[in-house]
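Hello,

Here is the structure I promised to pass on. My notes follow below it.

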There are 2 protein chains.
Amino acid sequence: MADLVVIGSVALDNIEGPAGTSGDILGGSATYACYAASFFARPRLVACVGKDFPVAARQALEERPIDLAGLATLDGPTFRWAGRYAPAFKTRETLSLDLGVFMQFNPKLDRPLPAGSILLLGNIDPDLQLKVLDQAGPAAFVAADTIDHWILNKREVLIKGLARTHLMFLNDEEARLLTGEDNLVKAGAAVRGMGPKIAVIKKGEHGALMFTERGLFAIPALPLDQFADPTGAGDVFAGTMLGVMAAKGAPDIAGYAAADPLLREAMAKATVMSSFAVAEFGVNRLRSLTPAQIESRLEALRALVRF
Amino acid sequence: MADLVVIGSVALDNIEGPAGTSGDILGGSATYACYAASFFARPRLVACVGKDFPVAARQALEERPIDLAGLATLDGPTFRWAGRYAPAFKTRETLSLDLGVFMQFNPKLDRPLPAGSILLLGNIDPDLQLKVLDQAGPAAFVAADTIDHWILNKREVLIKGLARTHLMFLNDEEARLLTGEDNLVKAGAAVRGMGPKIAVIKKGEHGALMFTERGLFAIPALPLDQFADPTGAGDVFAGTMLGVMAAKGAPDIAGYAAADPLLREAMAKATVMSSFAVAEFGVNRLRSLTPAQIESRLEALRALVRF
């Protein structure tokens with residue numbers, strides 16, 4: 001099994017939507033990614049929380065095989081986000097955002113990452129992503145995620161990071177915004193032209209596309225009638241995909257980039273894990289999830305697309 | 001090979017959009033459906049045109065193995081539609097609509113359809129669809145298509161027809177409008193509750209879903225970088241699916257409804273044919289299409305979804 005290091009946010013979320021309100025719950029890009037990855041590998045979480053971070057939230061992280069040595073506790077409040085989903089989850093509105101201790105976060109890796117290891121730069125300030133890239137050194141396979149906010153406001157830094165990224169996760173609107181291409185085939189090619197050998201474009205309920213040197217892979221989402229909270233679904237997708245890749249491992253960056261069947265299997269499992277994640281608020285559904293349930297839904301996904 | 005009877009419109013279209021303007025071209029739901037079906041079966045077209053129907057348009061229909069005996073020429077102008085697609089094909093606006101001879105169209109089948117035959121009620125007035133249903137008798141496998149206009153304005157008649165339909169084609173917005181269910185899994189189930197054992201929900205660039213007694217089937221669309229005209233793509237999808245089913249044939253309605261592998265293969269070929277159809281205006285791309293090209297793109301579709 002290869003090393004998997006995840007940097008991103010650990011947060012406290014307050015979510016309102018068609019399924020009700022969540023109360024104060026554990027969230028954040030690194031939380032979701034590590035939680036999902038931990039079903040396949042043993043991710044190392046690099047993030048920070050404040051001294052107000054609730055015991056129950058820490059316990060939820062400790063339930064899973066996640067290495068929490070890199071989770072710093074800093075003076076100040078934990079990163080907090082409050083959001084509201086419109087009816088039928090058509091849009092999402094940020095009600096409040098308090099970066100808290102992330103204002104002073106200075107992520108530290110102990111040492112450069114060895115060949116064969118995987119680094120996920122979760123959605124945080126691209127300047128922080130670059131800082132971690134510098135520490136990680138040139139040997140790790142680098143995956144990154146972002147959001148429209150950084151594409152609009154830190155485009156140049158983001159593009160610097162992209163040139164050193166091997167797998168980029170974007171949703172369809174972010175891919176269009178980043179590349180200026182409305183057509184997703186052209187957008188995927190344009191993302192690859194910016195550096196990443198692999199571009200994954202997530203389309204929510206419409207599934208996902210992957211662009212590699214071997215061509216395209218398309219996977220539909222599992223049609224769901226239970227849906228409570230899409231928050232973090234993209235992080236679960238990314239975390240699962242990289243967890244599956246780390247579990248199998250590859251000798252180096254080129255080994256991961258060329259592993260087409262592994263990348264497809266990882267996307268399929270990412271689709272399955274995301275379908276579980278959105279069924280309840282936060283990581284609640286993942287807390288009760290079993291390997292047998294994952295396997296069974298993976299079989300359902302195979303049956304769904306078979307022809 | 002089973003009989004396939006297609007009723008719908010034959011029209012002259014004028015299309016404006018990101019790829020330019022089409023000029024006066026052959027269109028209509030029955031045209032697209034028969035054109036596509038003719039690559040797999042020998043469809044019988046039941047429709048009408050006016051005396052102004054251009055020789056070139058008729059010749060385009062005659063190029064394909066389509067039985068045109070049911071194409072009536074009536075006094076008056078051919079049905080004409082003009083539409084405009086917004087940038088990136090995000091929306092479609094009808095600029096003008098002249099029903100012409102369709103105002104007086106009284107579709108006639110020579111005799112009831114035998115068991116094993118397939119009837120496609122293309123998008124026309126639900127009252128006309130019912131008239132044809134009455135003539136077709138109870139033995140044929142009935143597929144139907146519609147648009148939001150009829151769901152909004154002839155709901156009761158449409159629902160009467162649905163109770164006698166075995167396969168219903170709807171796009172996602174039509175499915176939501178018809179059933180009042182925003183969630184597509186629930187919408188698909190609700191459509192089936194109205195009569196059709198098979199519900200196909202088309203999602204355009206996001207592929208299609210099929211709901212049957214065996215469960216769900218999901219297929220992504222082929223990601224395309226060539227895209228000129230989405231007009232008729234849904235009719236091509238329906239025509240292909242039924243053409244493939246007719247080519248294989250089944251003894252009776254229950255035989256078609258239970259033929260899960262055949263239905264999936266038919267959806268895959270429908271996906272392929274639609275991907276060709278949208279590459280040029282009207283049926284232009286289908287006019288130059290070869291069986292080898294269809295086979296090759298079907299292989300590409302298999303490779304696209306394999307994991």
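**The nine-stranded sheet**

In chain B, nine strands make an open sheet with mixed pairing, in the order E5-E4-E1-E8-E9-E10-E11-E12-E13. Its edges are strand E5 (71–74) and strand E13 (215–219) of chain B. Each of these has a single partner strand, so one side of each is left without a neighbour in the sheet. From one strand to the next, the twist averages 15°.

Please keep in mind that this is a predicted model.

Inside that sheet, strand E1 (residues 4–7) and strand E8 (residues 118–121) of chain B run in the parallel sense, paired over four bridges. One residue pair to look up there: B:Val6 has B:Leu120 in E8(B) as its bridge partner. Helix H8 (residues 233–248) of chain B packs on the sheet. H8 touches E1, E8, strand E9 (141–145), strand E10 (167–171) and strand E11 (198–202) of chain B. The direction of H8 makes about 175° with that of E8(B).

As background for viewing the strands: side chains in a regular strand alternate between the two faces of the sheet.

Chain A has an open sheet of four strands, ordered E3-E2-E6-E7, and the pairing is mixed. Strand E3 (20–27) and E7 of chain A are the edge strands, each pairing on one side only. Here the twist averages 15° from one strand to the next.

E6(A) and E7(A) pair in the antiparallel sense, over six bridges. A:Arg80 has A:Asp98 in E7(A) as its bridge partner.

For E2 and E3, I looked at chain B. Strand E2 (residues 11–17) and strand E3 (residues 20–27) of chain B are antiparallel and pair over six bridges. E2(B) and E3(B) form a hairpin, with two residues between them. B:Gly17 is bridged to B:Gly20 in E3(B).

**Two backbone angles to check**

Which residues of the loop between strand E6 (80–85) and strand E7 (92–98) of chain A deserve a look? A:Ala88 sits in that loop. A:Ala88 has a positive phi of about 60°, although it is not a glycine. A:Phe89 lies in the loop between E6 and E7 of chain A too. A:Phe89 is not a glycine either, and its phi is positive, at about 55°.

Are these residues buried or exposed? A:Ala88 counts as exposed, because it has 12 C-beta neighbours inside 10 Å. A:Phe89 has 19 other C-beta atoms within 10 Å, so it is partly exposed.

**A buried helix and a helix contact**

How many residues of helix H1 (residues 29–37) of chain B are buried? Nine of the nine are, so H1 is largely enclosed by the rest of the structure. The buried residues of H1(B) include B:Thr31, B:Tyr32, B:Cys34 and B:Tyr35.

A:Val157 belongs to helix H5 (residues 155–162) of chain A. With 16 other C-beta atoms within 10 Å, A:Val157 is partly exposed. Leaving out residues up to four places away in sequence, A:Val157 touches A:Pro126, A:Asp127 and A:Leu130. A:Val157 and A:Asp127 are 30 residues apart along the chain, and their C-alpha atoms are separated by 6.5 Å.

**The two chains together**

How does chain A relate to chain B, and what rotation superposes them? A rotation of 180° with 0.0 Å of shift along its axis does it, with an RMSD of 0.0 Å. That is the relation of a two-fold axis. The same surface serves both copies, as 100% of the contact residues of chain A recur in chain B.

The contact takes 25 residues from chain A and 25 residues from chain B. On the chain A side, helix H7 (184–193), strand E13 (215–219), helix H10 (260–277) and helix H12 (291–305) each supply at least two residues. By class, the side of chain A that touches chain B has 16 nonpolar, three polar and six charged residues.

**Confidence**

The predictor gives the complex an ipTM of 0.92 and a pTM of 0.95. Chain A has an average pLDDT of 96, and 100% of the residues score at least 70.

Best wishes

How values were computed:
Residues numbered from 1 in each chain as written. Chains lettered and ligands numbered in written order. Predicted model: local features only at pLDDT ≥ 70, side-chain atom pairs only at ≥ 80, totals over all residues. Least-squares fit on C-alpha atoms with pLDDT ≥ 70 in both. Contact = placed C-beta atoms within 7 Å. Nonpolar A, V, L, I, M, F, W, Y, C, P; charged D, E, K, R; others polar. Buried ≥ 20, exposed ≤ 12 C-beta atoms within 10 Å, placed from the backbone. Pairing = 2+ DSSP bridges. Axes fitted to C-alpha atoms, helices over the stretch in contact; angles between N-to-C directions. pLDDT = per-residue confidence, 0-100.
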